[in-house]
Amino acid sequence: MTTAGVALEILKGIARANPGIIIEMMDELKEVIQVQPMVQLQVWDVYGIIGRVSEGVAEKAVKAMAEALDSPQQGTSNAAVLMHLRSLAEISRRIIQPYMDKINQLKEDPEQSVRDQAHEVVNFMEEKHLGSLSSKLECLNETVKQQVVTFEDLQRYLDGNIAEVKNFLAEVTKALPTPVMFSDEGIIRRTLVLHFACSKG
């Protein structure tokens, strides 16, 4: 590891403990890349850490990393950059939006890892991530538990809320295969269960 690389590893530790100190060095760190392109990944690691301090810092970090997607230098991994962009999107989707055309193009990149990370960013930006679906499913299940005791109750619930259920299933099928069936489980607490067929079966 180069001297610059060792220094950046130390800075990563400092960034985790006291990011405010490193924020003031963002411009200098970017200049290091021009002299030592092999340390670029470590610089982006530091940016990814301090970017979580505030939306303003995240926006500056995202801009620098997104520029690296245009002209990757030696030592740069677009997959690693996209991973940091996905993480910083949690601070604000707005700061990622200007670079979505570029990120969408990387969904067709020759490298599988780059394609995977590009899809992660796109899915998060489009709110297709499974965490969101999980939260919505929990809400739906809570409603079902309150109104459903028997299977007949479930049928009545579906008849009365068919539009809501269809909208939810439409969201699910954007991120998951189409459910082949649904069922309810439990005796006292009823739970709506979606069943999926394995595509490899």
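This is a predicted model: local features need pLDDT of at least 70, side-chain atom pairs count only at pLDDT 80 or more; totals for chains, interfaces and linings use all residues.

Residues are numbered from 1 along each chain as its sequence is written, and side-chain values use heavy atoms, with hydrogens and water left out.

Elements first. I find 11 helices and two strands in the protein chain, taken as DSSP runs numbered from the N terminus (helices H or I, at least four residues; strands E, at least two).

Next, burial. Of the 201 residues, 37% are buried, meaning under 20% relative accessible area with a 1.4 Å probe, protein chains only.

I then looked up helix 3 (residues 26-35) against helix 5 (residues 55-70): the angle is about 10 degrees and the axes, lines fitted to C-alpha atoms over the stretch in contact, are 12 Å apart. The pair is therefore roughly parallel (under 35 degrees). Met-26, Asp-27 and Lys-30 of helix 3 are in contact (heavy atoms within 4.5 Å) with helix 5, whose side includes Val-57 and Lys-60.

Which residues have the most contacts inside the largest nonpolar core? They are Trp-44, Tyr-47, Leu-82, Leu-85, Ile-96 and Ile-103, in a core of 41 residues; such a core is a set of buried Ala, Val, Leu, Ile, Met, Phe, Trp, Tyr and Cys joined through side-chain atoms within 4.5 Å. Helix 5 gives the most to this core, nine residues.

Key
Buried means under 20% relative accessible area, exposed over 50%, partly exposed in between (1.4 Å probe, protein chains only). Axes are lines fitted to C-alpha atoms, for helices over the stretch in contact, and angles run from 0 to 180 degrees between N-to-C directions. Angles under 35 degrees count as roughly parallel, over 145 as roughly antiparallel, 65 to 115 as roughly perpendicular and the rest as oblique.
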